[in-house]
Amino acid sequence: MTGNSNKDNLGQQQKLSRGLKNRHIQLMAIGGAIGTGLFLGSGKSIHFAGPSILFAYLITGVFCFFIMRSLGELLLSNAGYHSFVDFVRDYLGDMAAFITGWTYWFCWISLAMADLTAVGIYMQYWLPDVPQWLPGLLALIILLIMNLATVKLFGELEFWFALIKVIAILALIVTGIFLIAKGFSAASSSASLTNLWSHGGMFPNGWHGFILSFQMVVFAFVGIELVGLTAGETENPQKVIPKAINQIPARILLFYVGALFVIMCIYPWNVLNPNESPFVQVFSAVGIVAAASMINFVVLTSAASAANSALFSTSRMVYSLAKDHHAPGLLKKLTSSKVPSNALFFSTIAILIGVSLNYIMPEQVFTLITSVSTICFIFIWGITVICHLKYRKTRPHEAKASKFKMPFYPLSNYLTLAFLAFILVVLALANDTRVALFVTPVWFVLLIILYKVQTIRGHKIK
């Protein structure tokens with residue numbers, strides 16, 4: 001009896017904590033769909049595509065929803081699934097799981113490098129004499145300590161980070177509606193719904209500008225899949241995950257399309273300064289002197305949020321890889337709070353190395369790394385959709401009993417894969433992403449070689 005009891009206790013210790021509550025997941029779902037690209041980069045996006053950027057967000061939002069529905073159905077089909085690695089191994093094999101797991105880890109590690117660098121840059125707005133590396137280092141240490149505590153604390157951090165972004169966007173929309181209702185005049189133009197189409201139409205830069213805008217729009221949605229990967233640490237995944245995923249379309253309409261619609265009604269797209277946040281311009285228009293500081297605070301928390309998500313997702317991915325013997329066994333150790341501490345330390349060290357390289361190596365190399373990671377995200381999304389196709393074809397009886405079926409299967413799967421292929425073509429057309437597109441295969445070749453070497457030796461990493 002004692003031996004069995006000890007085994008049971010050990011089994012419980014090897015399971016991740018289910019400490020994330022419904023409110024954590026719901027706000028994380030929102031936060032995952034809102035990046036700094038909306039606050040800072042949307043001005044350039046609007047200048048590039050004009051009002052047609054709204055259609056780009058709508059189209060991309062539809063396919064992101066399909067990706068999330070396929071991810072949700074896969075994760076909820078088996079309570080033992082906690083990450084991509086688990087279902088990729090089942091449907092595409094061991095090597096595919098190895099490649100996918102480490103690719104997803106690399107995606108978030110490189111994004112964390114960029115976000116922590118951004119934290120330093122944003123802090124210099126208020127404290128110009130502080131070295132750029134210091135705020136990023138302090139932020140990483142604080143996030144590591146909080147992630148080591150409990151998964152619930154991670155959820156609390158993301159809850160408040162996301163809440164700040166939500167409040168900022170809602171404030172913009174409410175302010176915008178007020179300005180439009182008053183017919184506010186600014187920059188030789190009055191706020192009006194007609195501003196949306198009376199300055200060159202909805203496609204002022206033609207189809208070329210519209211198509212090229214997709215690279216920026218897709219980048220804005222990177223990380224949206226994180227909410228699905230919290231299934232293993234959610235109190236009631238069968239209820240919480242479907243609710244969070246099903247609300248994604250409404251959130252995209254409100255937070256992206258709604259915000260940009262209001263902005264372009266206040267200022268004609270060709271009047272907006274592409275080098276300045278449109279949020280700053282709108283708040284400044286109503287006399288809020290501290291508008292720039294407000295937006296700087298929002299993007300600072302957004303960058304910290306992304307770094308926090310990176311620590312969480314990479315540590316869970318390494319934990320899953322270690323459980324499958326694709327990473328050293330010591331990385332699957334859990335604390336008494338059921339947090340993968342060694343995996344957290346491993347990812348933190350990798351991020352620190354990356355941040356250090358950011359100061360040693362030329363900026364072009366760092367830009368290349370982050371561009372490669374974004375292309376890798378597209379790979380992850382594609383693999384998810386392919387696994388869902390395999391699931392529906394190989395396990396029809398389980399799929400029939402599913403309460404969270406992918407809409408319009410299999411048409412939605414094939415259309416989503418075609419859309420992701422289209423994005424790769426778009427990336428090949430842009431100068432700043434073309435090189436990354438051709439360099440990315442090197443990463444996959446290295447992973448294949450590493451896996452083959454591991455197999456030839458006759459044993460997995462231990």
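Biologist: What makes the contact between the side chains of Arg89 and Asp86 a salt bridge?

Modeller: In this predicted model, a nitrogen of Arg89 and an oxygen of Asp86 are 4.0 Å apart. The rule asks for a side-chain nitrogen of Lys or Arg within 4 Å of a carboxyl oxygen of Asp or Glu, so the pair qualifies. Both residues lie in helix H5, three residues apart, which is about one turn of the helix.

Biologist: Why is Asp86 called buried?

Modeller: Its relative accessibility is 9%. Buried means under 20%, so Asp86 falls in that class.

Biologist: Why is Arg89 called partly exposed?

Modeller: Arg89 has a relative accessible area of 27%. This value lies between the limits of 20% and 50%, and therefore Arg89 is partly exposed.

Biologist: How do you know that H5 and helix H6 are roughly antiparallel?

Modeller: Their axes cross at roughly 155 degrees. Angles over 145 degrees count as roughly antiparallel, so the term applies to H5 and H6. The crossing is right-handed. Among the residues making the contact are Phe84 and Arg89 of H5, and Ala97 and Tyr104 of H6.

Biologist: What makes the pair Arg392 and Glu73 a link between parts that are apart in sequence?

Modeller: The side chains of Arg392 and Glu73 meet in a salt bridge, at 3.4 Å from N to O. Arg392 lies in helix H16 and Glu73 in helix H4, so the pair ties together parts that are 319 residues apart in sequence. Both Arg392 and Glu73 are buried.

Technical notes:
Residues are numbered from 1 along each chain as its sequence is written. This is a predicted model: local features need pLDDT of at least 70, side-chain atom pairs count only at pLDDT 80 or more; totals for chains, interfaces and linings use all residues. Side-chain values use heavy atoms; hydrogens and water are left out. Buried means under 20% relative accessible area, exposed over 50%, partly exposed in between (1.4 Å probe, protein chains only). Axes are lines fitted to C-alpha atoms, for helices over the stretch in contact, and angles run from 0 to 180 degrees between N-to-C directions. Helices (H or I, at least four residues) and strands (E, at least two) are DSSP runs, numbered from the N terminus. Angles under 35 degrees count as roughly parallel, over 145 as roughly antiparallel, 65 to 115 as roughly perpendicular and the rest as oblique. A crossing is left-handed if the near helix is turned anticlockwise from the far one by less than a right angle, and right-handed if clockwise. Contact means heavy atoms within 4.5 Å.
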